[in-house]
Amino acid sequence: MSLGRRLSTPAVILAIVLSVLLAGLLVWRSARDADAGGAPGAPAASEAPSPGASPGEPEESGEPDGEGRPLDGAVVVLDPGHNPDNREHPREIARRVDAGTHRKECDTTGTATGSGYAEASFTLDVARRARTLLEGLGAKVEFTHDGDRPYGPCVDERARAGNEAGADAVVSVHADGSGEGNRGFHVILPARVTEGSADTRRITGPSRRLGEHLVRAFAEATGSGPADYLGGSVAGTGLTVRDDLGGLNLSRVPKVFLECGNMRDPREARRLSDPKWRQSAARGIAEGVEAFLLGERDGARSGVGDGA
C-alpha cells in the first residue's frame with residue numbers, strides 16, 4: 001500500500017462521521033418542528049398568527065375598528081324615586097318646595113309591598129342595574145342620589161340635577177301604590193305647562209318620544225302590560241300626562257316617570273321583589289333609553305324638527 005492510500009483512509013472515515021452528524025442534526029430539527037405543531041421551516045408557536053388572522057394583521061380588539069359604542073357621548077340621568085331613609089326624617093321631607101306651578105312637599109316615603117319591601121329600595125336597585133347596562137352602551141350616567149343622603153333629594157333638586165347635567169334623557173324610576181287587583185306599569189309624561197317657574201314647551205315632544213320607546217322596551221323585557229286601572233287610554237298606550245309633578249314641571253330636558261308596577265297587589269309585589277325581574281326591568285329601561293337616543297340622533301342628522 002502506498003503512502004497516499006494510507007493517508008486517504010482517515011479522510012474517508014472523517015467524511016462518513018460528518019455525514020452521520022449532519023443527518024442526525026436534520027432529524028433532530030424535524031422532530032423539534034413537529035413537536036411545535038408546524039411543518040419544518042414554520043415559525044415557532046409563539047410567533048405563529050392566531051386562528052383567523054392573516055399574517056401581519058393585528059387581532060381584533062372586540063370593537064369594530066373606528067367605531068365606538070352606540071351611546072358614546074350621551075348623558076343619561078336616573079332618578080331613583082324617594083329615599084330608603086326618608087321615613088327617619090319626616091320634618092325635612094314635609095318641607096314645602098317649588099314644584100313649578102305650586103309648592104309641595106320636598107319628598108315622600110313612597111309605598112311598599114305587603115311584606116315590607118320599600119319602593120325606595122326597589123327604585124335604587126333597578127336604577128343601579130340600569131346604570132350598569134347604559135354605561136356598557138357608552139352613556140355617561142348620573143344619579144340624583146345613590147343612597148348616599150340622609151333623605152331626599154327634594155323634587156326641585158331632582159329636576160335641577162338633570163338640567164345641570166345637560167342630560168339627553170332623564171328617567172325617574174318609581175313603583176305605584178294602588179289597590180289590590182290593579183296591575184301593570186305606566187309612563188308619566190310632562191304636560192305642556194307655562195306657569196310660575198314651569199315651562200315645559202320645549203320638552204313635551206321629546207319626552208313623549210322617550211316615553212313611547214320606554215313603553216315598548218319595558219313591556220318586551222318584563223312581559224308586563226300597561227296599567228289596567230287608569231282608564232282605557234293608559235291601558236292602550238301605557239302613557240299618561242300630569243301637570244302636578246315638580247320633577248317634570250321644572251325639567252328643561254326630556255324626562256319621564258316610570259311606574260314599574262303596583263307594589264300593593266300581591267301578584268305584582270312578588271314580581272317586583274324578584275331580583276331577576278328587576279334585572280329585566282333595568283334592561284327595559286336601558287333599551288328604551290337607547291332606542292330614544294339613537295332615534296333623536298337620526299332625526300337630528302336628517303334635519304327632522306322636534307315636532308313638540
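1. Let me start with C260, a buried residue at 2% relative accessible area. Buried here means under 20% relative accessible area, exposed means over 50%, and partly exposed is what lies in between (1.4 Å probe, protein chains only). Before going on, a word on the source: this is a predicted model, in which local features need pLDDT of at least 70 and side-chain atom pairs count only at pLDDT 80 or more, while totals for chains, interfaces and linings use all residues. Residues are numbered from 1 along each chain as its sequence is written, and side-chain values use heavy atoms, with hydrogens and water left out.

2. Now the overall picture. The chain has nine helices and ten strands; these are DSSP runs, numbered from the N terminus, with helices being H or I of at least four residues and strands E of at least two. Of its 308 residues, 41% count as buried. The chain exposes about 16100 Å², and carbon and sulfur atoms supply 52% of that; the areas come from the Shrake-Rupley method with a 1.4 Å probe, and for residues only the protein chains shown count as cover. If you take contacts between residues at least 6 apart in sequence, 80% of them join residues at least 24 apart. Contact means heavy atoms within 4.5 Å.

3. Strand β10 (residues 255-262) deserves a look. Eight of its eight residues are buried, so the strand is largely enclosed by the rest of the structure. Which strands pair with β10? Strand β5 (residues 169-176) runs parallel to β10, joined by six bridges, and strand β6 (residues 186-190) pairs with β10 in the antiparallel sense over three bridges. Pairing requires that DSSP finds at least two bridges between the two strands. For landmarks on screen, V171 has V256 of β10 as its bridge partner, and H186 stands opposite E259 in β10.

4. On to the nonpolar packing. A nonpolar core is a set of buried Ala, Val, Leu, Ile, Met, Phe, Trp, Tyr and Cys residues joined through side-chain atoms within 4.5 Å. The largest one has 40 residues, and L78, F122, L134 and V289 have the most contacts inside it. Two or more residues each come from β1 (75-80), α3, β4, β5, β6, α5 (204-222), β10 and α9 (275-302). Helix α9 gives the largest share, eight residues. Setting aside neighbours within four places in sequence, V289 touches V76, L134, A169, V171, L210 and L214. There is also a second, separate core of five residues, V77, A167, V170 and V253 among them.

5. If you care about cysteines, there is one disulfide in the structure, a disulfide being a pair of cysteine sulfur atoms within 2.5 Å. Where is it? It joins C106 to C154, with S to S at 2.1 Å. The two cysteines sit 48 residues apart and link distant parts of the chain: C106 is in the loop between β3 (103-105) and α3, and C154 is in the loop between β4 (140-143) and α4 (155-165). The torsion about their S-S bond is about -90 degrees, so the disulfide is left-handed. Both C106 and C154 are buried.

6. Charged pairs next. Side chains of opposite charge can pair when their charged atoms come close. A salt bridge here is a side-chain nitrogen of Lys or Arg within 4 Å of a carboxyl oxygen of Asp or Glu, and the whole structure holds 15 of them. One of these joins D146 to R131, with the closest N and O atoms 3.3 Å apart. That pair links distant parts of the chain, with D146 in the loop between β4 and α4 and R131 in helix α3, 15 residues apart. D146 is partly exposed at 24% relative accessibility.

7. E142 meets K140 at 3.4 Å, N to O, and E142 is partly exposed, with a relative accessible area of 27%. R149 pairs with E157, the closest N and O atoms being 3.5 Å apart. Both ends of that pair are partly exposed: R149 at 27% relative accessibility and E157 at 26%.

8. Last, a note on G136, which is found in helix α3 (residues 119-136). Buried or partly exposed? G136 is partly exposed, with a relative accessible area of 47%. Its C-alpha atom is separated by 8.8 Å from that of L71, 65 residues away along the chain.
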